[in-house]
Amino acid sequence: MATISASRNPHTITRYILQEQQKYPNAKGDLSIILNAMTLSCKIISAAAKGAGIFQRVNVGRLKHEFVDLPNDSNYHVKGAPTAEQDEKAHAHDDIRKFGYDTIYSSVSWCGKIPTLLSTYDTTTAIKVGQCDEAKYVLVFDPIDGKKNIQINASLGTIFGVYKVVTTGKPSDADLKQAGNQLVAAGYALYGDATLVVISFGDEVNGFTLDPTIGEFVLTHKNLRIPEVGGTYSINEGYAEDWNAAIKEYVVQCKKSSKDKKASRYIGCMVADVHRALIKGGIYLYPENKKFPNGKLSLQCECNPLAFIIAAAGGRASNGKQSILDIVPKSSADTTPIFIGSKQDVIAVEEAYKRHNIK
């Protein structure tokens, strides 16, 4: 009986967003429109991701032709977009990444509620949107996380976050230099056997799975809470020789400690690794190294939205010295190391940084 009831009256992500809006009597629905535009983008990207493997390039081209009608905007420019000279492998994973970018840009710009976007395609330059009714919010996003996984039919993700503009009606560069604790909403999509969107307004975290029979995201993970301690760690150990002493010590402890021993799990898609930590507990590590002394991941487009979600679920995200959410960016292009997941696991990394006096 419960199953029949749920199928007749599903708790969709649209319904959830509207319920959250009702908590604020003066809200005009702008944020709801933005988030619904993002969930539409995730549905389209999910359809493209199903064409992974040998059909990937064909299906992306077909879907782009059928579903994505980009506005004729002179400010629209993708820095680093794939060129004819790139080799076949680079072209394959850049195809899906550019498709994801185009899809989000198209959906969000046409909703008329966002004056400025920032993406991992070019974090040095904000994307100005000419069509905006009233500038209240800005969007930061990573269109396709784990893009190299497309060739092996493994997990992909999308990350997004929404900030209020510093001064309503007057968007400026300062809007993209806010600390992560100023986010009003954040989410991620995970594309795999099923497509899942996890979203938070800062108070709790909920997950919605795409039901292909009705074409809607339906609530499947209510009020997610991350375990205090986890049994896995995720890190690219190919860079082990370039790690600092604190990370080397922590990973050795994960492998050898009889009390805190953890299993290694690494997918190569930050969204997938962080999602596993959220559900089962654990930690994802992307430390600085000799090649990237300030870390590699975008603070605004990747780290802050995921840190916001994990913190709302009771976890923690840190650069080893302070909370990711408390870092005030000097530039929209700032990068950072990140250690994110179960609270006690992240604290253990911070303690290692203190012992080795890493500043």
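This is a predicted model: local features need pLDDT of at least 70, side-chain atom pairs count only at pLDDT 80 or more; totals for chains, interfaces and linings use all residues.
Residues are numbered from 1 along each chain as its sequence is written, and side-chain values use heavy atoms, without hydrogens and water.

**Exercise 1.** Determine the strand order of the five-stranded open sheet and name its edges.

Solution. Strands are DSSP runs of E with at least two residues, and helices are runs of H or I with at least four, numbered from the N terminus. Two strands pair if DSSP finds at least two bridges between them.

1. The order is β10-β9-β11-β15-β13, with mixed pairing.
2. β10 (263-264) and β13 (316-318) each have a single partner strand, so one side of each lacks a neighbour in the sheet.
3. β9 (residues 232-234) pairs with β10 in the parallel sense over two bridges; Y233 is opposite S264 in β10.

**Exercise 2.** Describe the largest cavity by volume and by the class of its lining.

Solution. On a 1 Å grid over the protein atoms alone, a cavity is a set of points where a 1.4 Å probe fits but cannot get out; lining residues have an atom within 4 Å of a point. Points are joined across faces, edges and corners, and the volume is the space filled by probe spheres set on them.

1. There is one cavity of 30 Å³ or more.
2. The largest cavity has a volume of about 70 Å³.
3. Its lining includes Y239, W243, Y266 and P287.
4. The lining has eight nonpolar, two polar and no charged residues, where Ala, Val, Leu, Ile, Met, Phe, Trp, Tyr, Cys and Pro count as nonpolar, Asp, Glu, Lys and Arg as charged, and the others, Gly among them, as polar.

Notes. On a 1 Å grid over the protein atoms alone, a cavity is a set of points where a 1.4 Å probe fits but cannot get out, and a pocket is an open set with protein on both sides within 12 Å along at least five of seven lines; lining residues have an atom within 4 Å of a point.
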